[in-house]
Amino acid sequence: MGLAVMILGLALFLGIHMLPAHRDLRGRLVSAMGEGSYKLVYALVSVLGIALIAWGFGHYRAAGMIDVWEGLVSPKTLRILKHVTVALMLPAVILFVASYLRGHIYTALKHPMLASVKLWAAAHLLVNGDLGSIILFGSFLGWAVFDRISLKRRADPGGPPIPVGGWGNDAIAVAIGIVVYLALAFAFHPVVIGVPVVGV
């Protein structure tokens, strides 16, 4: 039941996030609903999707996860992969922050949030060999790759350009990213997710 609810949440969240890649369909929806109503529905569906993903994955874990490959990996290899995941999460968090505090990082990568999602998903796929995790993180990785490719192929300019700052924004993004990374590692992940990531 939990796995099915999580998949439904993924379909809603990632499905609505694929709309911007389909410019004609998005344009027709905006024309029919109005920009404000479209954004409201977009936000509501996104929130509902996240809620279903969290609820479904939590119940899936509580019912007993379905192992796919983790049992085939030696404990030593798994420890190494966990260290790699922890290391990859630092740039992933910094890139996520840099997508809002736009500076040279943003200019160099063009879409640091998608790079962040790809790093986050790939890092978690390294250490989670159960079916639910593979579906969860694999879906986000697939969506991020799809969206990055679609951005290269879009003919229209999209929304109005957002001002880009300089090195100051990058420094702030790195500083905030480190603080958020530490909070995720020492507080959110062990307390909310129930999986310690430091010292294991």
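**Aromatic pairs and a helix contact**

Hi everyone, let's start with Phe-137, which is buried at a relative accessible area of 7% (buried means under 20%, exposed over 50%, partly exposed in between, with a 1.4 Å probe and protein chains only). This is a predicted model, where local features need pLDDT of at least 70, side-chain atom pairs count only at pLDDT 80 or more, and totals for chains, interfaces and linings use all residues. Residues are numbered from 1 along each chain as its sequence is written, and side-chain values use heavy atoms, leaving out hydrogens and water.

Now the rings. Rings of Phe, Tyr and Trp (its six-membered ring) pair if their centres lie within 6.5 Å; planes under 30 degrees apart are stacked, over 60 edge-to-face, and the rest tilted. That rule gives six aromatic pairs. One of them is Tyr-38 with Tyr-42, tilted, at 5.9 Å centre to centre and 45 degrees between the planes. Both sit in helix 3 (residues 35-63), four residues apart, about one turn of the helix; helices here are DSSP runs of H or I, at least four residues, numbered from the N terminus. Tyr-38 is buried, at 5% relative accessibility.

Back to Phe-137: which geometry does its pair with Trp-120 have? That pair is edge-to-face, 5.1 Å centre to centre with 75 degrees between the planes. It links distant parts of the chain, with Trp-120 in helix 6 (residues 112-127) and Phe-137 in helix 7 (residues 131-153), 17 residues apart. Trp-120 is partly exposed, at 26% relative accessible area. Phe-13, Trp-120, Phe-137 and Phe-140 make up one aromatic cluster. Thanks, everyone!

Methods
Helices (H or I, at least four residues) and strands (E, at least two) are DSSP runs, numbered from the N terminus.
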